[in-house]
Amino acid sequence: MNFKYVSKNIDDTLTLAENIESEKFPNMVICLDGELGSGKTVFVKGFAKALGIEDNITSPTFNIIKEYPNGELPLYHMDVYRLDEVDNDIGIKDYYKKGGVTIIEWSEIIKNKLPKERLEIVFKIVDENTRILLFNPIGQEYVDLCETVL
Ligand SMILES: Nc1ncnc2c1ncn2[C@@H]1O[C@H](COP(=O)(O)OP(=O)(O)OP(=O)(O)O)[C@@H](O)[C@H]1O
Ligand SMILES: [Mg+2]
């Protein structure tokens, strides 16, 4: 089953991320895709704030993975946009089982390294402030989460 959410402004995206955070569980994996500037990092900021992480979240474009250990659960924020397809085995899969929440921007680049069960969210730009978010939950835990939150 697929779910859809229309975000009318940045606060809608932040609030949605907070609502998803409230249903978090250890080893949760969220995959974010969609064009440049569509709101993926905004979503991560909202999620991190809800976890109680006070650090400023910036895209980990050059180091690929940033770890934030100080929230209710650890957060592993990945942005694999610049990851070289042939050289992409940097231990990504190890993060899925470390007990925290992994959020991956541009996840389709590492499609073959994603866990079987995950929440996929595709962001589409409608206009300056409007985004459509399409949810594809894979696995019962993620279906339940979408039914609760959306
Ligand atoms: N409804 C909305 N939700 C999220 N961001 C929005 C919304 N409306 C406008 N914006 C703006 O869109 C931009 C989203 O930037 P963000 O860095 O989150 O994009 P991104 O998808 O992570 O891009 P990249 O692929 O470059 O990492 C911000 O400037 C934000 O203010
Ligand atoms: Mg980003």
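1. How many helices and strands make up the secondary structure of the protein chain? The chain of this predicted model has 3 helices and 7 strands, where helices (H or I, at least four residues) and strands (E, at least two) are DSSP runs numbered from the N terminus. Read from the N terminus, their order is β-α-β-α-β-β-β-β-β-α. The radius of gyration, taken over C-alpha atoms, is 14 Å, close to the 15 Å of the globule rule for 150 residues, so the protein chain is as compact as a globular protein of that length. That rule is 2.2 Å times the number of residues to the power 0.38.

2. Conventions are as follows. Residues are numbered from 1 along each chain as its sequence is written, while chains are lettered from A and ligands numbered from 1 in the order written. Local features of the predicted model need pLDDT of at least 70, side-chain atom pairs count only at pLDDT 80 or more, and totals for chains, interfaces and linings use all residues.

3. Around ligand 1 there are 16 residues, of which Thr13, Gly39, Lys40, Thr41 and Val42 come nearest; a residue counts if its C-beta atom, placed from the backbone, lies within 6 Å. Both α1 (10-21) and α2 (40-50) supply at least two residues of this shell.

4. Helices α1 and α2 also pack against each other, at an angle of about 50° and with axes 7 Å apart. In α1, the residues meeting α2 include Ile10, Thr13 and Leu14; their partners in α2 include Val42 and Phe43.

Definitions and conventions:
Axes fitted to C-alpha atoms, helices over the stretch in contact; angles between N-to-C directions. Contact = placed C-beta atoms within 7 Å.
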